[in-house]
Amino acid sequence: MTASASRPLPTLKVLTSIAEVSATEWDALFGPSPAPFVRHAWLSAMEESGSATPATGWTPTHLTLWQEDALVAAVPAYLKAHSFGEYIYDFAWAQASERAGLPYYPKLVLGAPLSPATTQRFGVGQATDAGALRALLMRAAVALAQELGASGVHVLFCTREEAEALASAGFAHRTSLQFHWQNPGYGSLEDYLGRFNAKRRHQLRRELQAPRAQGVEITTIRGEALRKEHAGAAHGFYVATCERFPWGRVQLTPAFFEQAFASMPDAVELVEARREGRRIAGAFNLVHDGVLYGRYWGAHEEVPFLHFNVCLYHSIQEAIVLGRHRFEPGAGGEHKIPRGFAPAAVHSAHLLFEPALDAAVREHLQHERRHNARIVDEAEQLAGMKPWSA
């Protein structure tokens with residue numbers, strides 16, 4: 001992209017809060033129907049609630065390009081003081097860097113806090129020079145990271161197209177795995193179950209039938225039915241999970257859930273499980289364009305198979321009824337493969353300024369790709385599923 005007499009290069013502005021730009025201007029860069037995790041409302045809820053702030057290790061550093069007074073491109077970005085809440089795990093890289101006497105933090109992260117879902121990261125609207133605008137943002141991110149003394153730039157859960165463009169610009173392209181459920185056109189739950197072998201099908205039916213025998217009722221609350229009490233319940237479930245595990249770390253505040261429920265009722269859903277009228281478990285999900293995204297789950301009681309039903313089976317059944325074509329339940333979980341979830345590639349791009357560390361990371365990524373390829377190769381046999389035929 002070159003400047004001309006009639007149209008100079010866009011001006012870079014770094015925003016220390018998403019509130020410095022209007023929702024209308026920001027969202028327009030990400031298409032007519034932006035994915036929830038890049039929406040102004042989502043980032044606002046993260047920042048204004050105290051969940052993603054400098055005090056919590058997330059310093060907003062959003063890169064924006066302006067043509068006079070018009071916002072023409074942007075990417076959400078945070079200067080990070082740790083690696084929690086990213087889900088593209090680089091803790092080993094940080095440890096190796098520290099052992100070598102090289103500080104790994106801060107680092108510049110391009111993406112949305114606590115949101116392990118693939119979405120467009122570089123918002124360029126309908127610009128005819130979209131590739132050039134992305135390149136300007138990439139170069140600006142590198143220059144800003146160096147100016148701020150960061151160890152590098154990390155673009156998380158970007159699209160494959162964005163990752164390949166970043167790789168062409170010198171970034172290391174990382175391909176990780178999640179496990180997604182695809183709806184090839186099931187007409188009923190029986191269509192889904194019918195794809196498994198007899199042994200697996202019997203196990204799934206046993207797990208699916210457990211809630212009724214346990215006196216547990218599972219429902220989804222969405223849209224206008226959502227209330228402030230549901231936001232409070234979602235936060236309680238989230239905290240219950242964080243406190244259950246030694247690696248758990250509470251990062252989201254009650255105010256985040258309240259603001260997200262209030263500002264994004266079109267995208268938010270709460271799955272809740274009740275027994276004798278009491279909420280005993282739930283899952284906070286988001287939906288967009290026929291895709292369901294699983295985010296946070298938790299339970300106040302230990303009930304066999306409750307996790308599978310609240311987090312997986314209930315949403316699969318609803319996806320079939322509602323005609324949703326994909327369900328992404330979040331990071332991790334090879335246990336999902338025997339329940340019909342298939343490995344799916346997710347992309348990130350990384351540029352570390354210390355040459356030796358950057359080279360070591362690139363070598364590690366080669367080994368990781370081979371490991372992931374084996375998981376993909378073994379997944380079909382482990383799933384115990386037959387090919388789909390309508």
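This is a predicted model: local features need pLDDT of at least 70, side-chain atom pairs count only at pLDDT 80 or more; totals for chains, interfaces and linings use all residues.

Q: What makes Glu229 and Arg279 a salt bridge?
A: A salt bridge needs a side-chain nitrogen of Lys or Arg within 4 Å of a carboxyl oxygen of Asp or Glu. Between Glu229 and Arg279 the N to O distance is 2.7 Å. That is within 4 Å, so the pair counts. Glu229 lies in helix α8 (residues 228-244) and Arg279 in strand β11 (residues 278-288), so the bridge ties together parts that are 50 residues apart in sequence. Helices (H or I, at least four residues) and strands (E, at least two) are DSSP runs, numbered from the N terminus.

Q: Why are Glu229 and Arg279 called partly exposed?
A: Buried means under 20% relative accessible area, exposed means over 50%, and partly exposed is in between (1.4 Å probe, protein chains only). Glu229 has 47%. Arg279 has 22%. Both values fall in between, so both residues are partly exposed.

Q: How many salt bridges does the rule give?
A: The count comes to 20. Side chains of opposite charge can pair when their charged atoms come close.

Q: What makes Glu269 and Arg324 a salt bridge, and are they buried or exposed?
A: The closest N and O atoms of Glu269 and Arg324 are 2.6 Å apart, so the pair meets the rule. Glu269 lies in strand β10 (residues 268-275), while Arg324 lies in the loop between α10 (306-322) and β13 (326-328), so parts 55 residues apart in sequence are tied together. Both residues are buried.

Q: Which residues are linked with Lys80 in a network of salt bridges?
A: The network links Lys80 with Glu86, Asp90 and Lys107.

Q: Why do the buried residues of α9 line one face of the helix?
A: In helix α9 (residues 254-263) the buried residues are Phe256, Phe257, Ala260 and Phe261. Seen down the axis of α9, they fall within an arc of 120 degrees, so they line one face. The arc is that of the directions from the helix axis to the C-beta atoms. These residues pack against α2 (40-48), α8, β10, β11 and β12 (291-299). Contact means heavy atoms within 4.5 Å.

Q: Why is the pair of Tyr186 and Tyr192 called edge-to-face?
A: Rings of Phe, Tyr and Trp (its six-membered ring) pair if their centres lie within 6.5 Å; planes under 30 degrees apart count as stacked, over 60 as edge-to-face and the rest as tilted. A search of the whole structure finds 23 aromatic pairs. In the Tyr186 and Tyr192 pair the centres are 6.0 Å apart and the planes are at 65 degrees, so the pair is edge-to-face. Both Tyr186 and Tyr192 are buried.

Q: Why is the pair of Tyr238 and Phe257 called tilted?
A: The ring centres of Tyr238 and Phe257 are 5.8 Å apart and the planes are at 50 degrees, so the pair is tilted. Tyr238 is in helix α8 and Phe257 in helix α9, 19 residues apart. Tyr238 and Phe257 are both buried.

Q: What makes Lys80 sit over the ring of Trp58?
A: A charge sits over a ring if NZ of Lys or CZ of Arg is within 6 Å of the ring centre and within 35 degrees of the ring normal. The charged end of Lys80 is 3.8 Å from the centre of the Trp58 ring. Arg295 lies over the face of Tyr87, at 5.7 Å from the ring centre.

Terms used
Residues are numbered from 1 along each chain as its sequence is written. Side-chain values use heavy atoms; hydrogens and water are left out.
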